[in-house]
Amino acid sequence: MRWLTLYARSRQVPASLAAVVISTVTVWAFARGGSGGPGDPRLPALALAAGAMALSTGLSGQDLALDRTAAIRWAPRRAVHVLLAGAVVAVVLLVVQGTGEGLATAGFVVRDSAGLMGLAAVGAAVCGGRYAWTLPFAWLSFSFVAPSPTSVPARVASWMLLPPGTAAGTWTALVLTIAGTTAYAVTGPRR
(Lines give C-alpha, C1' and ligand atoms only; values in the text may rest on other atoms or scores of the structure.)
Protein backbone atom coordinates (compact mmCIF):
# COMPACT_ATOMS: atom_id res chain seq x y z
CA MET A 1 0.00 0.00 0.00
CA ARG A 2 1.05 3.54 -0.58
CA TRP A 3 1.61 5.93 2.32
CA LEU A 4 -1.34 8.12 1.30
CA THR A 5 -3.75 5.19 1.51
CA LEU A 6 -2.36 4.17 4.88
CA TYR A 7 -2.50 7.74 6.12
CA ALA A 8 -6.13 8.15 5.04
CA ARG A 9 -7.14 4.88 6.67
CA SER A 10 -5.29 5.65 9.91
CA ARG A 11 -7.03 9.04 10.05
CA GLN A 12 -10.49 7.49 9.49
CA VAL A 13 -10.99 9.53 6.32
CA PRO A 14 -13.58 7.23 4.66
CA ALA A 15 -15.88 7.21 7.71
CA SER A 16 -15.39 10.94 8.30
CA LEU A 17 -16.15 11.74 4.66
CA ALA A 18 -19.35 9.69 4.86
CA ALA A 19 -20.34 11.63 8.00
CA VAL A 20 -19.69 14.94 6.21
CA VAL A 21 -21.87 13.98 3.26
CA ILE A 22 -24.69 12.60 5.44
CA SER A 23 -24.75 15.62 7.76
CA THR A 24 -24.67 18.08 4.86
CA VAL A 25 -27.48 16.32 3.00
CA THR A 26 -29.54 16.17 6.21
CA VAL A 27 -29.15 19.90 6.91
CA TRP A 28 -29.91 20.68 3.27
CA ALA A 29 -33.08 18.59 3.49
CA PHE A 30 -34.15 20.48 6.62
CA ALA A 31 -33.51 23.77 4.81
CA ARG A 32 -35.73 22.69 1.94
CA GLY A 33 -38.45 21.92 4.50
CA GLY A 34 -38.72 25.62 5.23
CA SER A 35 -37.05 26.00 8.63
CA GLY A 36 -35.22 29.30 8.45
CA GLY A 37 -35.60 31.64 5.53
CA PRO A 38 -33.45 32.26 2.51
CA GLY A 39 -30.32 34.00 3.63
CA ASP A 40 -30.52 32.52 7.15
CA PRO A 41 -26.89 31.68 7.95
CA ARG A 42 -27.62 29.24 10.77
CA LEU A 43 -28.29 26.15 8.66
CA PRO A 44 -25.24 26.46 6.38
CA ALA A 45 -23.09 27.23 9.44
CA LEU A 46 -24.50 24.11 11.09
CA ALA A 47 -23.70 22.00 8.01
CA LEU A 48 -20.15 23.37 7.83
CA ALA A 49 -19.55 22.92 11.56
CA ALA A 50 -20.86 19.35 11.42
CA GLY A 51 -18.48 18.64 8.55
CA ALA A 52 -15.53 20.20 10.35
CA MET A 53 -16.36 18.25 13.51
CA ALA A 54 -16.59 14.99 11.55
CA LEU A 55 -13.24 15.53 9.85
CA SER A 56 -11.59 16.72 13.07
CA THR A 57 -11.61 13.18 14.44
CA GLY A 58 -8.93 12.31 11.92
CA LEU A 59 -6.51 14.95 13.16
CA SER A 60 -4.75 12.32 15.23
CA GLY A 61 -3.68 8.85 14.22
CA GLN A 62 -3.98 5.54 15.98
CA ASP A 63 -0.54 5.79 17.57
CA LEU A 64 0.69 9.24 18.61
CA ALA A 65 4.14 7.92 19.52
CA LEU A 66 4.54 6.60 15.98
CA ASP A 67 3.49 9.96 14.56
CA ARG A 68 6.07 11.74 16.67
CA THR A 69 8.97 9.38 15.95
CA ALA A 70 8.44 8.63 12.25
CA ALA A 71 11.29 9.53 9.94
CA ILE A 72 9.13 11.70 7.70
CA ARG A 73 8.37 15.39 7.92
CA TRP A 74 4.95 15.67 9.51
CA ALA A 75 4.50 19.45 9.52
CA PRO A 76 3.72 19.80 5.79
CA ARG A 77 1.47 16.75 5.84
CA ARG A 78 -0.46 18.06 8.84
CA ALA A 79 -0.91 21.48 7.25
CA VAL A 80 -2.16 19.95 4.00
CA HIS A 81 -4.50 17.69 6.01
CA VAL A 82 -6.18 20.68 7.69
CA LEU A 83 -6.42 22.74 4.50
CA LEU A 84 -7.68 19.81 2.44
CA ALA A 85 -10.27 18.94 5.09
CA GLY A 86 -11.56 22.53 4.99
CA ALA A 87 -11.77 22.35 1.19
CA VAL A 88 -13.67 19.05 1.36
CA VAL A 89 -16.23 20.49 3.79
CA ALA A 90 -16.77 23.49 1.50
CA VAL A 91 -16.98 21.45 -1.70
CA VAL A 92 -19.48 18.98 -0.24
CA LEU A 93 -21.85 21.78 0.79
CA LEU A 94 -21.45 23.61 -2.54
CA VAL A 95 -22.14 20.40 -4.49
CA VAL A 96 -25.15 19.46 -2.38
CA GLN A 97 -26.69 22.91 -2.59
CA GLY A 98 -25.98 22.97 -6.32
CA THR A 99 -28.68 20.32 -6.79
CA GLY A 100 -31.41 22.68 -5.66
CA GLU A 101 -31.85 25.95 -3.84
CA GLY A 102 -28.67 27.39 -2.36
CA LEU A 103 -28.14 27.70 1.35
CA ALA A 104 -25.29 30.17 1.24
CA THR A 105 -22.95 31.97 -1.12
CA ALA A 106 -19.60 30.49 -2.05
CA GLY A 107 -17.80 33.24 -0.10
CA PHE A 108 -19.70 32.36 3.06
CA VAL A 109 -19.00 28.64 2.62
CA VAL A 110 -15.28 29.08 1.95
CA ARG A 111 -14.79 31.51 4.83
CA ASP A 112 -16.65 29.41 7.38
CA SER A 113 -15.19 26.06 6.34
CA ALA A 114 -11.65 27.43 6.51
CA GLY A 115 -12.22 29.10 9.87
CA LEU A 116 -13.95 26.05 11.37
CA MET A 117 -11.18 23.67 10.27
CA GLY A 118 -8.62 26.08 11.72
CA LEU A 119 -10.60 26.04 14.95
CA ALA A 120 -10.68 22.22 14.87
CA ALA A 121 -6.91 22.21 14.31
CA VAL A 122 -6.47 24.40 17.40
CA GLY A 123 -8.67 21.92 19.24
CA ALA A 124 -6.46 19.03 18.13
CA ALA A 125 -3.28 20.83 19.18
CA VAL A 126 -4.72 21.84 22.56
CA CYS A 127 -7.13 19.01 23.46
CA GLY A 128 -6.02 16.15 21.20
CA GLY A 129 -7.61 14.70 18.10
CA ARG A 130 -10.27 12.92 20.09
CA TYR A 131 -11.67 16.22 21.39
CA ALA A 132 -10.82 18.50 18.47
CA TRP A 133 -14.54 18.83 17.66
CA THR A 134 -15.27 20.62 20.94
CA LEU A 135 -14.02 24.07 19.89
CA PRO A 136 -16.08 24.31 16.66
CA PHE A 137 -19.11 22.96 18.54
CA ALA A 138 -18.72 25.42 21.41
CA TRP A 139 -18.20 28.42 19.13
CA LEU A 140 -21.17 27.46 16.94
CA SER A 141 -23.36 26.99 20.02
CA PHE A 142 -22.35 30.40 21.36
CA SER A 143 -23.01 32.01 17.97
CA PHE A 144 -26.54 30.63 17.92
CA VAL A 145 -27.46 32.17 21.29
CA ALA A 146 -25.33 35.32 21.23
CA PRO A 147 -27.14 38.66 21.01
CA SER A 148 -27.10 40.65 17.81
CA PRO A 149 -23.52 41.66 16.95
CA THR A 150 -23.27 45.42 17.36
CA SER A 151 -19.71 45.87 18.60
CA VAL A 152 -16.47 44.55 17.14
CA PRO A 153 -15.96 41.92 19.90
CA ALA A 154 -19.53 40.71 19.35
CA ARG A 155 -18.90 40.49 15.60
CA VAL A 156 -15.72 38.50 16.22
CA ALA A 157 -17.64 36.17 18.54
CA SER A 158 -20.35 35.58 15.95
CA TRP A 159 -18.08 35.57 12.89
CA MET A 160 -19.52 32.42 11.34
CA LEU A 161 -23.03 33.90 11.05
CA LEU A 162 -21.98 37.24 9.56
CA PRO A 163 -22.55 37.91 5.85
CA PRO A 164 -19.59 37.26 3.54
CA GLY A 165 -17.35 40.25 3.05
CA THR A 166 -17.77 41.46 6.62
CA ALA A 167 -14.34 42.50 7.85
CA ALA A 168 -14.69 41.01 11.34
CA GLY A 169 -15.93 37.69 9.97
CA THR A 170 -13.28 37.44 7.28
CA TRP A 171 -10.38 38.39 9.55
CA THR A 172 -11.51 36.11 12.36
CA ALA A 173 -11.80 33.16 9.98
CA LEU A 174 -8.40 33.96 8.45
CA VAL A 175 -6.70 34.22 11.85
CA LEU A 176 -8.29 30.96 13.01
CA THR A 177 -7.23 29.19 9.81
CA ILE A 178 -3.63 30.38 9.96
CA ALA A 179 -3.21 29.94 13.73
CA GLY A 180 -4.91 26.54 13.79
CA THR A 181 -3.05 25.16 10.79
CA THR A 182 0.28 26.42 12.09
CA ALA A 183 -0.26 25.15 15.65
CA TYR A 184 -1.38 21.73 14.46
CA ALA A 185 1.38 21.46 11.83
CA VAL A 186 4.13 22.35 14.29
CA THR A 187 2.97 20.56 17.45
CA GLY A 188 0.67 17.87 16.13
CA PRO A 189 -2.18 16.50 18.18
CA ARG A 190 -1.92 16.57 21.93
CA ARG A 191 -1.52 13.21 23.64
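Author: Burial first: buried means under 20% relative accessible area, exposed over 50%, and partly exposed in between, with a 1.4 Å probe and protein chains only. This is a predicted model, where local features need pLDDT of at least 70, side-chain atom pairs count only at pLDDT 80 or more, and totals for chains, interfaces and linings use all residues. Residues are numbered from 1 along each chain as its sequence is written, and side-chain values use heavy atoms, without hydrogens and water.

Now the rings. There are 2 aromatic pairs in the structure (rings of Phe, Tyr and Trp, the last by its six-membered ring, with centres within 6.5 Å; planes under 30 degrees apart are stacked, over 60 edge-to-face, the rest tilted). W133 and F137 make an edge-to-face pair. Their centres are 5.9 Å apart and their planes stand at 65°. W133 has 34% relative accessibility, so it counts as partly exposed. F137 is at 43%, so it is partly exposed as well.

W139 and W159 form the other contact. Their ring centres are 6.3 Å apart with the planes at 85°, so this pair too is edge-to-face. W139 sits in helix 7 (residues 134–145), while W159 is in the loop between helix 8 (152–157) and helix 9 (167–187). The pair therefore ties together parts 20 residues apart in sequence. (Helices are DSSP runs of H or I, at least four residues, and strands are runs of E, at least two, numbered from the N terminus.) What is the burial class of W159? W159 is buried, because its relative accessibility is 0%. W139, at 22%, counts as partly exposed.

Next, charge. The count is 1 salt bridge (a side-chain nitrogen of Lys or Arg within 4 Å of a carboxyl oxygen of Asp or Glu). R111 and D112 are the partners, with N to O at 2.9 Å. D112 has 0% relative accessibility and so is buried. R111 is at 8%, so it is buried too.

Last, the largest pocket. A pocket is an open set of points on a 1 Å grid where a 1.4 Å probe fits, with protein on both sides within 12 Å along at least five of seven lines; lining residues have an atom within 4 Å of a point. Here 16 residues line the largest pocket. Y7, V13, H81, L84 and A85 lie nearest its centre. Helix 1 (3–10), helix 2 (13–32) and helix 5 (74–97) each give two or more residues to this lining. Helix 5 has the largest share, 6 residues.
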